[in-house]
Amino acid sequence: MSTRRTIPSPRVVRGERRSAGSQSLERGLDILETIEAESGDIGVREMARRLELSPTIVQRLVTSLAMRGYIEKNPETARYRLGHRSMILGASGERGVDYAVTARRELDRLAHEHQLNGFISVLRGGRAIYLLAVQAHGPVAIRVSIGSEMPLHSTAAGKVLLAALADGEARKLLGHRKLAAITPHTITDPAAVLASLSRVRRQGYATVVEENIPGVLSVGAPINNRGGNVVAALSTAFPKYLDGDMTLQRVVPLVTAAALRVSRTLGAGELGTAPAVRLTAIGERNGGKR
């Protein structure tokens, strides 16, 4: 899915004194840059080798970074990847605090007022990854681990993130082989998924009907930055047979309006670019004004 990048290790040449400052901080930043350059998981010993540090020192720094959410351990491989805090900062730049706070508030609102499981996801290294998740108190709680991966082809958020790419890039991520059939309703033909992306771009959101979890519907919308670029997806999921009038038609306005409010913290709509204008129009029509 992703191409491994190799860059020089971000270390100081042997014998060179580090500039005034915290050696531990600089080493911690070296670790973050090494993990980011890997475009995948990497182990402590490999990091130690590249940075020419002892594994004991690297493990101590890795433990501190993991406790703060800047990196996380893959439980299956015991190797490390960037965590949700690093991804939030990378997605939002100088507006990171407002972005994170607003995103969490919107997910809380969807969960508590509408019984919708809510998620914020990003595309990193060809993988769709959960940054935030808030579980609803309704009949179905969809539990995910922050930093865990989601399928691109069978989730509303995944389709939003794919639609943000050019067709050539999306095609590379989907590949040419039959995709995993997660449920009987999953679209497994890469060409069919690719063809559906034009509709997602046109309408400004994606919907999924039992493609990822049996009996569960999902809606996803883009979070745009000031330049009109999609930096994340906000999505919700809810049971198909939920009592009351909770339908896709009712949930789409809730999700697009919430995505717009989060996008506003990144300056979406300020430049008048086509993507920003489209998101603004859809979101404001659905009640996402400031």
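Buried means under 20% relative accessible area, exposed over 50%, and partly exposed in between, with a 1.4 Å probe and protein chains only. This is a predicted model, in which local features need pLDDT of at least 70, side-chain atom pairs count only at pLDDT 80 or more, and totals for chains, interfaces and linings use all residues. Residues are numbered from 1 along each chain as its sequence is written, and side-chain values use heavy atoms, with hydrogens and water left out.

View 1. Helices (H or I, at least four residues) and strands (E, at least two) are DSSP runs, numbered from the N terminus. The protein has 290 residues, and 49% of them count as buried. Take the contacts with a separation of 6 or more: 58% join residues 24 or more positions apart. A contact here means heavy atoms within 4.5 Å. The protein exposes about 14,500 Å², with 52% supplied by carbon and sulfur atoms. These areas come from the Shrake-Rupley method with a 1.4 Å probe.

**View 2. Helix 1 covers residues 23-38.** Its 16 residues should span 22 Å at 1.5 Å a residue, and its end C-alpha atoms are 23 Å apart, which agrees. The expected span is 1.5 Å times one less than the number of residues. Which residues of helix 1 are buried? They are Arg27, Gly28, Asp30, Ile31, Leu32, Thr34, Ile35, Ala37 and Glu38.

**View 3. Strand 3 (residues 117-124) is mostly covered.** Six of its eight residues are buried. Strand 3 pairs with strand 8 (residues 230-239) in the antiparallel sense, over five bridges. Pairing requires at least two DSSP bridges between two strands. Ile120 stands opposite Leu234 in strand 8.

**View 4. Strand 3 and strand 4 form a hairpin.** Two residues lie between the strands. Gly125, in the turn, has a positive phi of about 60°. Strand 4 (residues 127-134) pairs with strand 3 in the antiparallel sense over seven bridges. Gly118 stands opposite Val134 in strand 4.

**View 5. The largest nonpolar core has 29 residues.** A nonpolar core is a set of buried Ala, Val, Leu, Ile, Met, Phe, Trp, Tyr and Cys residues joined through side-chain atoms within 4.5 Å. Those with the most contacts inside this core are Tyr99, Ile120, Ile223, Ala232, Leu234, Phe238 and Val251. Elements giving two or more residues include helix 5 (96-114), strand 7 (216-224) and helix 9 (248-264). Helix 9 gives the largest share, seven residues. Apart from this core lies another, of 27 residues, among them Val160, Leu161, Leu174 and Val200.
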